[in-house]
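Terms are given their cut-offs where they first come up.

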Amino acid sequence: FHVVLEGQTWVRLTDTSTQTNLNAGDFVIIPRGEAHVLSSQESGPVNSHHDIPDVEPTLMPVLENRKIRKNETHLLCGYFRFDEGTPSTFLNHLPDLLVARSEGTGGSGYAREIVGIIQQELNNNETGSLIVLNRLTEIMFFCAIRQWLENALMPDGVLAALADTHLQRALSMIHASPEKPWTVDELARVAGRSRTAFSNHFRTATGFTPIEYLTYWRIELARRLLAESDLSLDAIATKVGYVDTNAFSRAFSRISGIAPGAYRGASRDHL
């Protein structure tokens, strides 16, 4: 992500023509981490710089409370790391550039205030500033998501299908009772749709078939239980809807790329 503290910049993905202009108080998130360039103009050649540090720098004041020179731009750059359990359908729905603006159409007072607090933390460079900055950038991420969702959930938006009340009924039942032996027919009845109409709409909205989504949700719950509880594998398997622990282990390994026991060990190592 890039936060514009002062000045302005263009952000352009190198493999596509996708680009946007950012002004002071705006920030952009590149959800899938594509290669991109920052430049002072919309088009034209870009000068390459090779002095970006390859190790984590010591937190230092950026603006130093001094007057900004004309045409000078100050950025705070960093990255977010998605949890390995983040559904791919969520990432796939996000735009190439996720932008939150502090002014103009779609602007948010929250974005402006967050960037202002970030500037203060960078200037003060007090004990614990890095911790505060980490939390502020997390809030910044959710502000950007919220601004995007307001448009994505409109009738012609990319996530409009998720707002359908019929689909919400089925999703609510899956989330509330993942241990039940759901079938597509039963979920379609809950949604009040025919099997075919329900299945087609479900895939359009989520990118999964109903049973694929149920499986991914069960495994996500299992990850949480493995990391946060001392329940046995048998108990966790039963709790998320598997009567056969071996079947649970196979499904977990296929989706997570690691066996349940190894996942538990790795999650405890990070505590």
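Glu 220 forms a salt bridge with Arg 223, with 3.1 Å between the closest N and O atoms. A salt bridge here is a side-chain nitrogen of Lys or Arg within 4 Å of a carboxyl oxygen of Asp or Glu. Glu 220 and Arg 223 lie three residues apart in helix α7, about one turn of the helix. Helices (H or I, at least four residues) and strands (E, at least two) are DSSP runs, numbered from the N terminus. Both Glu 220 and Arg 223 are buried. Buried means under 20% relative accessible area, exposed over 50%, and partly exposed in between (1.4 Å probe, protein chains only).

Glu 220 also forms a salt bridge with Arg 224, the closest N and O atoms being 3.3 Å apart. Arg 224 and Glu 220 are both in helix α7, four residues apart, again about one turn of the helix. Arg 224 counts as partly exposed because its relative accessibility is 39%, whereas Glu 220, at 16%, counts as buried.

## Basis of the model

This is a predicted model, in which local features need pLDDT of at least 70 and side-chain atom pairs count only at pLDDT 80 or more, while totals for chains, interfaces and linings use all residues. Residues are numbered from 1 along each chain as its sequence is written, and side-chain values use heavy atoms, with hydrogens and water left out.

## Other salt bridges and the whole chain

The structure holds seven salt bridges. One of them joins the side chains of Glu 34 and Arg 32, at 3.6 Å from N to O. Glu 34 has a relative accessible area of 23% and is therefore partly exposed; Arg 32, with 34%, is also partly exposed. Arg 32 and Glu 34 are linked with Asp 96 in a network of salt bridges.

The protein chain has ten helices and seven strands. Of its 271 residues, 39% count as buried. Among contacts (heavy atoms within 4.5 Å) between residues at least 6 apart in sequence, 63% join residues at least 24 apart.

## Nonpolar cores

A nonpolar core is a set of buried Ala, Val, Leu, Ile, Met, Phe, Trp, Tyr and Cys residues joined through side-chain atoms within 4.5 Å. The largest one has 30 residues, and Phe 198 and Phe 248 have the most contacts inside it. At least two residues of this core come from each of α4 (165-176), α5 (184-191), α6 (195-206), α7 (210-228), α8 (233-239) and α9 (245-256). Helix α7 supplies the largest share, eight residues.

A second, separate core of 22 residues includes Phe 27, Ile 29, Ala 111 and Trp 148.

## The contact of α5 with α6

The axes of α5 and α6 come within 9 Å and cross at roughly 90°. Axes are lines fitted to C-alpha atoms, for helices over the stretch in contact, and angles run from 0 to 180 degrees between N-to-C directions. The two helices α5 and α6 are therefore roughly perpendicular, a class that covers 65 to 115 degrees; under 35 degrees counts as roughly parallel, over 145 as roughly antiparallel and the rest as oblique.

From α5, the contact uses Val 184, Asp 185, Leu 187, Ala 188 and Ala 191; from α6, Arg 195, Phe 198 and Ser 199. These residues divide into five nonpolar, one polar and two charged. Ala, Val, Leu, Ile, Met, Phe, Trp, Tyr, Cys and Pro count as nonpolar, Asp, Glu, Lys and Arg as charged, and the others, Gly among them, as polar.

Leaving aside residues up to four places away in sequence, Phe 198 touches Leu 167, Ala 170, Val 184, Leu 187, Ala 188, Ala 191, Arg 193 and Pro 210.
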